[in-house]
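Here's a quick look at one helix pair and the core around it. Have the chain open as you read.

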Amino acid sequence: MDRWFIRSGADEGGSDPDRDQEGGLAVQTAKPKLKRPPMFKVLLVNDDYTPMEFVVHILERFFGMNREKATQIMLTVHTAGSAVVGIFPRDIAETKSEQVNQYSQENQHPLVSTVEMTD
């Protein structure tokens, strides 16, 4: 079994590493505390024209969902009018929303995603 001992430094005639050469306590600079970035929700908004299969495809492609999860979210969008499909830092949320909107337009679908700050 290993045993750990704390040495004061003075008991062996050495200098105490917690004290500076003038006998005062050495001060260690505190590391700055990093604040988490504000998070943003990406929402898909229901419309009457985009096929359900295309919405599932969007969720798989841009949000990495498996088919089952994507289908559940698609049905929530369809029945509730919108659904949160991911929560990200601002830059990522805006990029994903723009990608979804552009891809939908390129495929002649009116599907729209929006970004909102989380509570």
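Met 52 is found in helix α1, and this is a predicted model, where local features need pLDDT of at least 70, side-chain atom pairs count only at pLDDT 80 or more, and totals for chains, interfaces and linings use all residues. Residues are numbered from 1 along each chain as its sequence is written, and side-chain values use heavy atoms, with hydrogens and water left out.

Is Met 52 buried, partly exposed or exposed? With a relative accessible area of 37%, Met 52 is partly exposed (buried is under 20%, exposed over 50%, partly exposed in between, using a 1.4 Å probe and protein chains only). Leaving aside residues up to four places away in sequence, Met 52 touches Met 74 and His 78; contact here means heavy atoms within 4.5 Å. Its C-alpha atom is separated by 8.2 Å from that of Leu 75, 23 residues apart along the chain.

Now for the helix pair. α1 (residues 52–63) and α2 (residues 67–80) pack at about 125°, with axes 9 Å apart; the axes are lines fitted to C-alpha atoms over the stretch in contact, and angles run from 0 to 180 degrees between N-to-C directions. That makes α1 oblique to α2, given that under 35 degrees is roughly parallel, over 145 roughly antiparallel, 65 to 115 roughly perpendicular and the rest oblique. The residues that make the contact are these:

| Helix | Contact residues |
|---|---|
| α1 | Met 52, Glu 53, Val 55, Val 56, Leu 59, Glu 60 |
| α2 | Arg 67, Ala 70, Thr 71, Ile 73, Met 74, His 78 |

By class, the contact of α1 with α2 has seven nonpolar, two polar and three charged residues.

What about the core? The largest nonpolar core has 22 residues, and Leu 44, Ile 58, Leu 59, Phe 63 and Val 85 touch the most other members. Such a core is a set of buried Ala, Val, Leu, Ile, Met, Phe, Trp, Tyr and Cys residues joined through side-chain atoms within 4.5 Å. β1 (39–45), α1, α2, β2 (82–89) and α3 (90–106) each supply at least two residues of this core, and α1 gives the most, with seven residues. Not counting residues up to four places away in sequence, Leu 44 touches, among others, Val 55, Leu 59, Val 77, Val 85 and Leu 111.

Zooming out, the chain has three helices and three strands, running β-α-α-β-α-β from the N terminus on. These are DSSP runs: helices are H or I with at least four residues, strands E with at least two. Of the 119 residues, 28% count as buried.

Methods. Nonpolar A, V, L, I, M, F, W, Y, C, P; charged D, E, K, R; others polar.
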